[in-house]
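Hi,

Here is the structure I promised to pass on. Have a look at it first, then read my notes below.

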Amino acid sequence: MQDEGDLAARRRFASALSRHAGLGETVRGEPESWERLLRAALDTAARVAPPGSPGLVVIDEFPYVMKDAPQLPSLIQHLYDDSQRGQASGGRLILCGSALSVMQELLSGTKPLRGRAMMDMRLNALDYREAARLWGADDPETALRLHACVGGIPGYRPLMTSAPTSTYDFDDWIVDNLLAVDVSVFTRTEVDYLLREDPRITVRSLYYDILSAVAQGAHTPAKIGAAIGRDSNAVRYPIGVLESAGYLTRAHDLLRDGKPTLSVCDPIIRFDRLITAPHLGQLELGRAEQVWRAAAPTFRSNILGPHFEELARDWVHRFAPDELGRPIGFGTVGFGSVQDNAGRAKHDIDVIATENNRVHLIGEAKATLSRRGLPDLERLDAIRDVLTRTGHDTTGAITALFSTTGFTQDLSGAAASRADVVLVDLPRLYGLT
């Protein structure tokens, strides 16, 4: 129902209702008002429902309908109240929508539907292992690259021309899908569609600029404002809109009090801002292969590397409790930094799990071309000592190293002799070993 207008939306709703009632599809003349249509829908659903089952009406993409018919929540409130008094048909009404902020607002504060919903369910994206199974990606390196590009949204799978089966055909898949201007999943087209889902996003150029700035490393309002030539106060509202829409997320350093850092949490938006948008003119000339070859360093350093860190943290939070024998989990999982005053250095920690003052796990995650070696373990051991000296309880803490390319023989030997060291390569990350 996106952008079709109120009259067309009512006509299409009436046609669907007519078909469901077995009366054919044609709706002649002006369609009924939304109030009459909703009452007719509930009456029809109650009449055709199986014996003993309530009638069921589902309205998909409700925010688009409500954009041209803002009275709908109030009408639904009246229908609900009438059904509670026995003055109208009962049943179940399910409102669906992909504009998260609009759907959340429906049940907030003094809104008409506040207190009248039996369930408020948010359907999250698939986790990275589920996404690999959806795509049939048996090779973990291919699965990682896929997830770094499109995340765990199931709806993207049927829109693609194919699915890469190995890293050898991954480049062709990128060129034929995400960078092809004439297909529906061309990332610029998709991101424009995503931004149009939220009715608060009107001047899309500003939101594009903010997303680009964050994707390129501006992680605070002040840095974002500086990157796009605006005052930090001028970007706070659009940043809030992008957060509530689920396109930006903020996280805190688990070891230091400070300003939260912002990041792009939708992989396809990040891909668009870093790969597609800077080369849009060349892509429109059909030079997708050349653009992708030139963008390879950006993909590895700005997309694949940070995404691998995210999956490492997700592994600790989601899968490590079972796979490492800690059924109650590791506390809060995130990133952190610690100041080593003696060494006059600040150490960044890619993966850390804490509970109050206790550190359960520290880890490093690198998507580099070289294997991780013994110096990486020694660095984490040194950081663990710094944490202990600064007052953190590291008793029983696990030291974890994550690598996309595996580990050297000396590191594997050292890890085998220590119960507190865990090495996680791609097969282990994806539960294949």
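Helix H6 (128-135) is the main contributor to the lining of the largest cavity, giving four residues. Helices here are DSSP runs (H or I, at least four residues) and strands are too (E, at least two), numbered from the N terminus. By cavity I mean a set of points, on a 1 Å grid over the protein atoms alone, where a 1.4 Å probe fits but cannot get out; lining residues have an atom within 4 Å of a point.

Before you go further: this is a predicted model, where local features need pLDDT of at least 70, side-chain atom pairs count only at pLDDT 80 or more, and totals for chains, interfaces and linings use all residues. Residues are numbered from 1 along each chain as its sequence is written, and side-chain values use heavy atoms, with hydrogens and water left out.

**The cavities**

How many cavities of 30 Å³ or more does a search of the whole structure find? It finds two. The largest cavity holds about 40 Å³ of space (a volume is the space filled by probe spheres set on the points, and grid points are joined across faces, edges and corners). Its lining is made up of Tyr-128, Ala-131, Ala-132, Trp-135, Ala-143, Leu-146, His-147 and Gly-151. Besides H6, helix H7 also gives two or more residues to this lining. Sorted by class, six of the lining residues are nonpolar, two are polar and none is charged. For these classes, Ala, Val, Leu, Ile, Met, Phe, Trp, Tyr, Cys and Pro count as nonpolar, Asp, Glu, Lys and Arg as charged, and the others, Gly among them, as polar.

The second largest cavity has about 30 Å³ of space. Ser-98, Ala-99, Leu-100, Ser-101, Glu-197, Asp-198, Ala-245 and Tyr-247 line it, and they split into four nonpolar, two polar and two charged.

**H7 again, this time with H16**

H7 (residues 140-150) also meets helix H16 (residues 296-318): their axes come within 10 Å and cross at roughly 100°. That makes H7 roughly perpendicular to H16 (the word covers 65 to 115 degrees; under 35 is roughly parallel, over 145 roughly antiparallel and the rest oblique). Axes are lines fitted to C-alpha atoms, for helices over the stretch in contact, and angles run from 0 to 180 degrees between N-to-C directions. On the H7 side, the residues in contact (heavy atoms within 4.5 Å) include Leu-144 and His-147, and on the H16 side they include Phe-299 and Leu-311. Taken together, the contact has eight nonpolar, two polar and two charged residues.

**The sheet**

Now find the five strands that form an open sheet, in the order S5-S6-S7-S8-S9 with mixed pairing. Strands pair if DSSP finds at least two bridges between them. Why is one side of S5 (332-340) and of S9 (421-424) left without a neighbour in the sheet? Both strands stand at the edges, so each has a single partner strand. On average, neighbouring strands of this sheet are turned by 30° against each other, direction ignored. S8 (residues 398-403) pairs with S9 in the parallel sense over four bridges, and Leu-401 is opposite Leu-423 in S9.

Key
1 Å grid on protein atoms, 1.4 Å probe; cavity = no way out; pocket = protein on both sides within 12 Å on 5 of 7 lines; lining within 4 Å.
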